[in-house]
Amino acid sequence: MAIRKAVKGTAAVASGGLVAFYGLTQLTEYRKRQARLSRVEAVEQVNMAFQDELPSRQAQLTALRATQEFDVLVVGGGATGSGCALDAVTRDLKTALVERDDFSSGTSSRSTKLIHGGVRYLQKAIVKLDYEQYMMVKEALHERSNLLNIAPHLTALLPIMLPIYKWWQLPYYWAGIKIYDLVAGAQCLKSSYILTKTKALELFPMLKRDKLVGAIVYYDGQHNDARMNLAIALTAARYGAAIANYTEVVHLLKRVDPQMGKERVCGARCRDVITGQEFDVRAKCVINATGPFTDALRKMDDQKNPNICQPSAGVHIVIPGYYSPDNMGLLDPATSDGRVIFFLPWEKMTIAGTTDTPTEITPHPIPMEEDINFILTEVRNYLSPDVEVRRGDVLAAWSGIRPLVTNPNSKDTQSICRNHIVHISDSGLVTIAGGKWTTYRSMAEDTLDAAVKAHNLSAGPSKTVGLMLEGAKDWTPTMYIRLVQDYGLEVEVAQHLASSYGGRAYEVAKMAHVTGKRWPIVGKRLVSEFPYIESEVQYAIKEYACTAIDVIARRTRLGFLNVQAAEEALPRIVDIMGKQLTWSEQRKREELSAAKQFLYYEMGYKARSEQLTDTSEITLTPAEVGRYMKRFHKFDKENKGFITTVDVQRVLESINVYIDADTLHEILNEVDLNKNGQVEFNEFLQLMSAVKKGQVSANRLAILMKTAEQSLDQTESLEQREPVDQRKPVSVDRSGGGV
């Protein structure tokens, strides 16, 4: 109680003026927003047509070709581009969208998965008295609330703990977090609160307890970013937008305006990446929403345009779920180099990140080992010494390019713009750049407002506040129970389908095949440890999935959660897609190869596999080498110096363990560093050394050989005992008496 009073007293002195100023504006703004929301909902019910059946990708391409002229053509299928398409089509504008890769294939699927206002931005706004930063936080908090409402199946409230290790930090951070609540006003998710050291450790037992003073917990939102992006795009399609992924812009179309005598952008020459066919899409207005690739399209408009994008790489890693509580995140507000690290539960795993380093613009960013180790080091600083954070526990890693921009409208073109910018070129190309995931909707609204004004389009105000996204309409928190009862799905699978597809989960369940088991009745899993089922692959094609990568990365999130599990699921995914899309055997091989390359480079498999190489240093004691030599010789009976699948199979069969040949080959291939079809003793020692150092964990061959050795030793020990029953009969009185 004394701590709370001291904290509140200090905070009152430090932030009383701000509290009074911010508090005065909340009620009026809240009432205005509620009135606007009511008007929006009324307009939706009266005027907007909604398609229950999604048009196929081929139908969308036909619409792009056949439409004489669109009002708006959006280039880019990330969160902002999809948001622009939805905003435009719901203003009754004839809308098209093209994306050269898949929806959310870039930065929008590689975020921290938070829907937040930005605690660190608010801190800077207060310290530097920066009004622009304050307004950015305020806007983001409003958008956070809206996003949680319009896609409840894809979002959730997430408490985030800020551990405090110095007494003076307690009132400082408490005041800052309380102002964060206050700026949110009526849209505050839940009030922040202080925890004692004991309570903090109870809620987050992995936390380092040495010198811990207490903790502050505040609330933000969390979402499945790729599926949220997809939901925005699909909602636009259901309202009538013609959208197509794997459709790239070859060049912009221009015509001379007879009144002004200047060239004006009037559409784009597009190419279907899958078939190679080219066609023109004409539009009154073209919107550039290409994120990190903003400058490429700006230079299509005018080669003299300067670059405005300042790309920054943000790396995240995924480690097992046992590293964090199921429903509590962690924030490190000041890392060793001044960055902020989040440590969050996500999809029953733990996600940690992010970094912030300058990078080159590329469609295929690769997570670097240096960044992965930086995150691991920072995580270790906040976790108990009892919890060994190992490099080998990194199940996946990815890098996303954050498109920071300079404002071309500003005289100071070198300074980074903290918020988003909307720029209209002399030829009429509308560019939206910068911003953050949470504010995609307001960014789209600002973009369309500018486009409508610049191109004299006939359209009313934005109608996307409160507009429910794909799957939200029929979703309830308990709908998974109906999926279990009506279809015979596993509870975990039903919960996953409900949270990924919302009301559309019933369509996925209807496609599920019978398992042939007593339970579950339907729903064959792609891999045993994740709730993704085969019918999701079929449904993914309806959601415009065109490649195996689309399925493992964005329709499901398997590639982002565990690269090895994703690789294991790939053959089945390719088979299902091949049947649905009539792929040739050659196309299937190409898909399998491309997906493995994606996992290897972009999802961290390369960095993971490089922890064990033929040049890895062996750091084992002589006693450890002797122990592992004994284990190795259990399999290498002929003292060949190497083992093969035949040797492993023979030992396993002797202890009544049976593994199919293909799986055994995969297990040995993980350790066969020179890829000669066998595992030499030196390779085995390199493996065990990497396991000892924490660079490799959960290696199947290491665990299998250890288990087999224990079983063989136990069998040999039993055989050496004298087979004589020396038990004596127990007397009646000692056994509890007779009848």
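Which element gives the largest share of the lining of the second largest cavity? I looked this up before anything else. Helix H11 does, with 3 residues.

**Ground rules.** I am working on a predicted model, where local features need pLDDT of at least 70, side-chain atom pairs count only at pLDDT 80 or more, and totals for chains, interfaces and linings use all residues. Residues are numbered from 1 along each chain as its sequence is written, and side-chain values use heavy atoms, with hydrogens and water left out.

**Cavities.** I noted 4 cavities of 30 Å³ or more. On a 1 Å grid over the protein atoms alone, a cavity is a set of points where a 1.4 Å probe fits but cannot get out; lining residues have an atom within 4 Å of a point. Points are joined across faces, edges and corners, and a volume is the space filled by probe spheres set on them.

**Second largest cavity.** Its volume is about 60 Å³. I listed its lining as Leu-330, Asp-332, Ile-341, Phe-343, Glu-378, Val-379, Tyr-382 and Leu-383. Strand E12 (329–332), strand E13 (341–346) and helix H11 (369–382) each give two or more residues to this lining. Helices (H or I, at least four residues) and strands (E, at least two) are DSSP runs, numbered from the N terminus. By class I have 6 nonpolar, no polar and 2 charged residues. Nonpolar covers Ala, Val, Leu, Ile, Met, Phe, Trp, Tyr, Cys and Pro; charged covers Asp, Glu, Lys and Arg; the others, Gly among them, are polar.

**Largest cavity.** I read a volume of about 70 Å³. Of its 13 lining residues, Arg-227, Ala-231, Glu-470, Ser-500 and Glu-543 are the closest to the centre. Helix H9 (225–238) and helix H14 (491–501) each supply at least two lining residues. H9 has the largest share, 4 residues. The lining splits into 6 nonpolar, 3 polar and 4 charged.

**Surface patch.** Val-127, Trp-168 and Tyr-172 make a nonpolar patch of about 360 Å². Patch members have over 30% relative accessible area and no salt bridge, and nonpolar side chains are joined within 5 Å. A salt bridge is a Lys or Arg side-chain nitrogen within 4 Å of an Asp or Glu carboxyl oxygen. Areas are Shrake-Rupley values with a 1.4 Å probe. Tyr-172 lies in helix H7 (residues 169–184). Tyr-172 counts as partly exposed because its relative accessibility is 39%; buried is under 20%, exposed over 50%, partly exposed in between.

**Val-657.** I found this residue in the loop between helix H23 (645–654) and helix H24 (661–669). Val-657 is partly exposed, at 31%. Its C-alpha is 9.0 Å from that of Ala-708, 51 residues apart along the chain.

Terms used:
1 Å grid on protein atoms, 1.4 Å probe; cavity = no way out; pocket = protein on both sides within 12 Å on 5 of 7 lines; lining within 4 Å. Patch = residues over 30% accessible without salt bridge, like charges linked within 9 Å, V, L, I, M, F, W, Y side chains within 5 Å. Buried < 20%, exposed > 50% of the residue type's maximum accessible area, 1.4 Å probe, protein only.
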